[in-house]
Amino acid sequence: MPKDPLYVTWDNESQKQQAYQSTASNLDAYTGVQRSVAYGPGRQTYLDIETQRSVRPEFTRRDYNLFRPHEAVPHFQQQIIRQCMAAYDNVGIIRNVIDLMSDFACQGLTLVHPNKVVEKFYRKWFSQVGGQERTERFLNYLYRCGNVVVRRRTAKLSKEKESEIMKAAAADITLELKKYNKREIPWRYDFLNPIAVEADDPGMNALGMPKFSLNLSKYTLSSITKTVESNSSILSTLPEDLKQLIEKGGRRLPLDPANTLFFHYKKDDWLLWANPMIYAILDDIKMLEKMKLADLAALDGAISNVRLWTVGDLDHKIIPTKAAIDKLRDILASNVGGGTMDLVWGPELKFTESQSQVYRFLGAEKYSPVLSSIYAGLGIPPTLTGMSASGGYTNNYISLKTLVERLQYGRDIVSRFWKQEIEIVRKAMGFRLPADIHFDHIIISDESTEKQLLIQLADRDLISTETLLERFGELPMIEKTRVRREDKDRKNEVIPDKASPYHNPNHKNDMEKIDEQGKINMKLKREDIKNKPAAPQASNPGEVRQAGRPPNRGDTQKRKQREVKPRSSEASAILWGMEAQAKIAEILNPVILNHFDKTDVRSLTKEETNQLDYLKNVVFANLAVYSDVNEGLVKEVLDSKKGLSKAYLQNVDDGIKDFQSKYNRRPNTNEMKLIRSYALAVDLKKDEDLTS
């Protein structure tokens, strides 16, 4: 029995007054709970700081998280990364946005190179390593985890495999392979879980030179060990570091710094790992999950309906018997529902019905603020989610610009990764130039307008036709072959000519029309000359006529033909100059190749080629016309250390300008030889004119 009674009752008015007097001292207990002490020993609650006065203390997020540890946002980076990865796996919005960003950022990735053969090699290698898929995974981990750990594995190409991939690329290969193993190129890239990668020495981390190890789980290590024990031949296929780990025991696998690459998303310099961008919206994600749980719990009682049938009336001292209660129960049980039930009963029966109001809680309105916060934290503007139809042009532009810049930041990081891998391939294979990385331009606008602009740029020769085809998703080599085949069919009249503003399908008819018009014009001209009246005769015999042949009168005798004497000296000097330049090249080329230790002229660099051309030009400009070119004469000119005369340079410059004005392009190598020969021939002609 309790020491103090829980309730006080009375039977008459005097007992009622005594009950009120006995409970008057309990009025102080009727007060609210100011605060629950959640953490910390001796926490002050600020209760009764003065008589009948208390102060409500603060209620922080830490107090809330202490009672709900599973809803707390972690503070350690490994736990942060783990929760962000769990949010990607469990929350559909996060997964869709991250996948969309990674797919969008890697769109249109390709490798380009000025040499077509080398470009084919780079693209073949990029396809072999799964470059497109690896790029998408790289960007996905970057946006999801904020940290990307890549482990590179190399492969040495055999000569057969090298020739299969490269084919005719030998013209662009050098033999400078001092620091890189020949034909050893990256062949596979594995992404490691950043949660399983741990730093070994905190001191090295503080110095900015961290060393990392891969912490294998017990299940993974035991599975590998059992597989090796059951099949010993597999041990030879494993990497050396993993072999040593299995033999020595342990679960920490040291990572090779030379073949392990680390990339971070906006990492602070004082942090070892970068915080993922999902970290800023973990509170909103937990709020979204709680809302879903609340809706799920509310749905269990969404259709609850309680009906209370009361038999009897205590106020009127009417107490039902068991027979009355059973009678009413049988009547209610016999009704299957779905229609109106007619019930005949006395005045002692009451009916009360209670319905739930869950529909007022279930709805999409409460999700809008949380979803807006999540999308904003991920960089997705409301204009793209459809949650906001308002907003001016400036706000929408800035929101879209933020998303584009975030995608471009991911492209910059993945480009930095591929550039260093391409540089390894270049030095291992001996290529002169590396390949460039090209992405599709990020445009969130009307695609038809962009394509129309590309067509206009191609019409103005600002971009190549090959670039235009690539932007439209077509293969340039295939399209070139098809265009040539169609042109051939049109010439053979297999298919009709094109009909458009850029192609005249009636070209043949137009040419015949022009020819017929020319014949008609000539016929009319002859008729006009034939019908033209003769010149009037002089009526006065003493009239003085003008000298010369009378108008409209032809020659009566055959005129003597004029002899055109060719400038034999100038023409022969030009022919001699062409032969002389060929002999000079035969003499100087082996000397220069031996000096620079090259096998052929094509292997010379641009600077070395310019030096060779200058020496040839100096020797030719200082030769006497019609002289016999030999090694002794070339050596004599070089020993004299003569340069290029101003007159010769002026003649060459005039010849180049005259050529460009006529043909609207720079002269090629053979044309430059003709211009130089003409420059010497002009000087010879001037000398002949002075002597004559």
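In the predicted model, tyrosine 141 lies in helix H6, which spans residues 131-145; helices (H or I, at least four residues) and strands (E, at least two) are DSSP runs numbered from the N terminus. Residues are numbered from 1 along each chain as its sequence is written, and side-chain values use heavy atoms, without hydrogens and water. Because the model is predicted, local features need pLDDT of at least 70 and side-chain atom pairs count only at pLDDT 80 or more, whereas totals for chains, interfaces and linings use all residues.

Tyrosine 141 is partly exposed because its relative accessibility is 22%, where buried means under 20% relative accessible area, exposed over 50% and partly exposed in between (1.4 Å probe, protein chains only). Neighbours within four places in sequence aside, tyrosine 141 contacts Gly146, Asn147, Val148 and Phe191, a contact being heavy atoms within 4.5 Å. Histidine 264 is 123 residues from tyrosine 141 in sequence, with a C-alpha to C-alpha separation of 9.8 Å.

An open sheet is formed by 3 antiparallel strands in the order E4-E5-E6; two strands pair if DSSP finds at least two bridges between them. Strands E4 (197-199) and E6 (252-254) each have a single partner strand, so one side of each is left without a neighbour in the sheet. Strand E5 (residues 212-215) pairs with E6 over 3 bridges, and asparagine 215 stands opposite arginine 252 in E6.

The whole structure contains 0 disulfides, defined as pairs of cysteine sulfur atoms within 2.5 Å. The cysteine sulfur closest to that of cysteine 84 belongs to cysteine 145, and at 8.2 Å it is too far for a bond. Cysteine 84 is buried at 0% relative accessibility, and cysteine 145 is buried at 2%.
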